[in-house]
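Here's a quick briefing to read alongside the model. Have the viewer open and follow along.

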Amino acid sequence: MARLSTSIQAQIGKFQLDVAFEMQGDTTAILGASGAGKTLTLRAIAGLLHPTGGRITLGDRVMFDSTLRLSIPTRERKIGYVFQDYALFPHLTVAKNLAYALHGWDKEQRALRIQELVDLLDLSGLESRLPGEISGGQQQRVALGRALAPGPDLILLDEPFSALDAPARALLTEQLQALQARLGFAMVLVTHDVSEAYALASQLVMLSEGRVIQQGPREDVFHTPASAEAARLLGFRNLLPGRVVGNDGGTTTVDIQGVRVYSAGSGLSTGTLVLCGVHPQSIGLVPHEDAALQGQANVLPVTVAQRTNRGVQSDVALAMDGHDGKGPLLHATVHQFGLPAGLVPGAHYKAVIPQQAVHLWPVREER
Amino acid sequence: MDITALRLSLQIASVSTVLAIIIGVPVALLLARVRFRGRAVISALVLVPMLLPPSVMGFYLLQLVGRQSIVGSALESVFGFSLVFHWSGAVLAAFVASTPFLIRTAQAGFESVDPRYEEAARTLGRSELAIFWTVTMPLAWKTLLAGVALALARAMGEFGATLMVAGNIPGRTQTMSIAIYDAVQANRLNDAHVLAIALTLVTLGLLVGVGTLARGGKW
């Protein structure tokens, strides 16, 4: 599989893009809020945007090199692109949209390839429909098939799931993985949704304001966000300001408005102001009376402040019992199934947070 | 009724419209798709013939191609041919008067095509020329055709500039619209009526024909 390596500098109006990453594995997700430069990065890789500097290579093919003044035109890059709104040719049928990518193929070969794509992408019966006559999920699959038709080494997907409902998303995720296993292409996908990135990618590149703030293998990034900003992108809703009050034996103790929280790891000296990050899904809830807890975990008495159901999950806001009786709010996401009974506002629980799940980032003191 | 004037009008308008398509479509595409220095200037220049009185336009053209002008004398000495008092002069007048209509309409047509379709075609390995014929044109051609119809109608009705450049020579440069003027001047009102109705019907017929084409041949 051809490996993508990019270093892109570009200036678009007042926006500065300065992104570099090397693809590891076969799927990379570029994660960032809207306006972070994700789509611009994809466009530069595809040759639809001309960077002012940098170098882009795919395997041993150089696509762009500013020092060599080299830029391979888009049509010769052999990189598939699935646009956010699909950009299916509205005047061509599904079959002709697929065939468009197979210009110059032998007629029989082309027919075989189209049939293969129709079967793989479950488009049977839609061949003679126009894009405007099929559903969003079907359009998505046609766009994917069109991008894959010529057999590119790499395909770029811009927010591939944004216009789909939940079942269609799940289906597409499965189909993408099956297709990738079968056809053997690399993928770079752009998304603002952590769960999509997590579901598909083995490597994450996080962008903010045109810059890479963290990149690496998926698990590394999720388990050790490099900054509070990266953590926020990864869905760490709990980012609480605190102060280091103790540091011994590989455990750092932090005071958050009177609540003591322990974090695995050391290196921060006593007195350091920190942001303390905990992912909502790292928080477990046990009944208040249940005292049989062991191991290196924080056990914090909390009072349920609010509960919001989201499908099979619930977002629960928990008030920690601080020194003045009213501590900071903690947000937890818990699964509906196996939920302790009586999880209603006012109820008392214990929040259990593994020490490894408590992340600390020093805050530079404002002067 | 003498049909020479009608034949001349049709001949001049169709040659002028063909020229308008050949010159106007690329200019419209350029204005719609490429951001270049001087784009605003060209955009404004395109508007000039629409804004100036036809007689002024005709006067300028006469200055440009008249026998004493550089272009005119060069044409005459090399080819022994002059645009002035010749039906080709009427073509020039009709072309200058009508092409802006085609350019403005075609530009809007090209701008209405989402550039993303062209980008998608690029990522699929197609050349710019192939993309123009397979993506841009099929999506813009109805608007383009409306522009052609407008240009054709404008060319059919051209009067002021044509009179200045080609004159009013019955059988040679006298088009329908000039023949109508001539008939009114000579108080031949019956002739004027017939000519006016004929011009109206022919122009309407052409527009309906173009409109039919745009709806894919269905009435």
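Where the two chains meet, 13 residues of chain B are in contact with 16 residues of chain A, contact being C-beta atoms, placed from the backbone, within 7 Å. This is a predicted model, where local features need pLDDT of at least 70, side-chain atom pairs count only at pLDDT 80 or more, and totals for chains, interfaces and linings use all residues. Residues are numbered from 1 along each chain as its sequence is written, with chains lettered from A and ligands numbered from 1 in the order written.

**Chain B's side of the contact**
- Helix 6 (115-123) and helix 7 (128-157) of chain B each give two or more residues to the side touching chain A; helices are DSSP runs of H or I, at least four residues, numbered from the N terminus.
- Helix 6 of chain B supplies the largest share, 6 residues.
- By type, that side has 6 nonpolar, 3 polar and 4 charged residues.

**Cores**
- The largest nonpolar core has 103 residues, and Val82(A), Leu154(A) and Cys276(A) are among those touching the most other members. Such a core joins buried Ala, Val, Leu, Ile, Met, Phe, Trp, Tyr and Cys residues through C-beta atoms within 7 Å, buried meaning 20 or more other C-beta atoms within 10 Å of a residue's own.
- Domain 1 (4-231) and domain 2 (236-362) of chain A each put at least three residues into this core; the bounds come from an automatic or database assignment.
- Another core, of 49 residues, lies apart from it and includes Ala5(B) and Leu102(B).

Methods
A residue is buried if 20 or more other C-beta atoms lie within 10 Å of its own, exposed if 12 or fewer, and partly exposed in between; C-beta atoms are placed from the backbone. Ala, Val, Leu, Ile, Met, Phe, Trp, Tyr, Cys and Pro count as nonpolar, Asp, Glu, Lys and Arg as charged, and the others, Gly among them, as polar.
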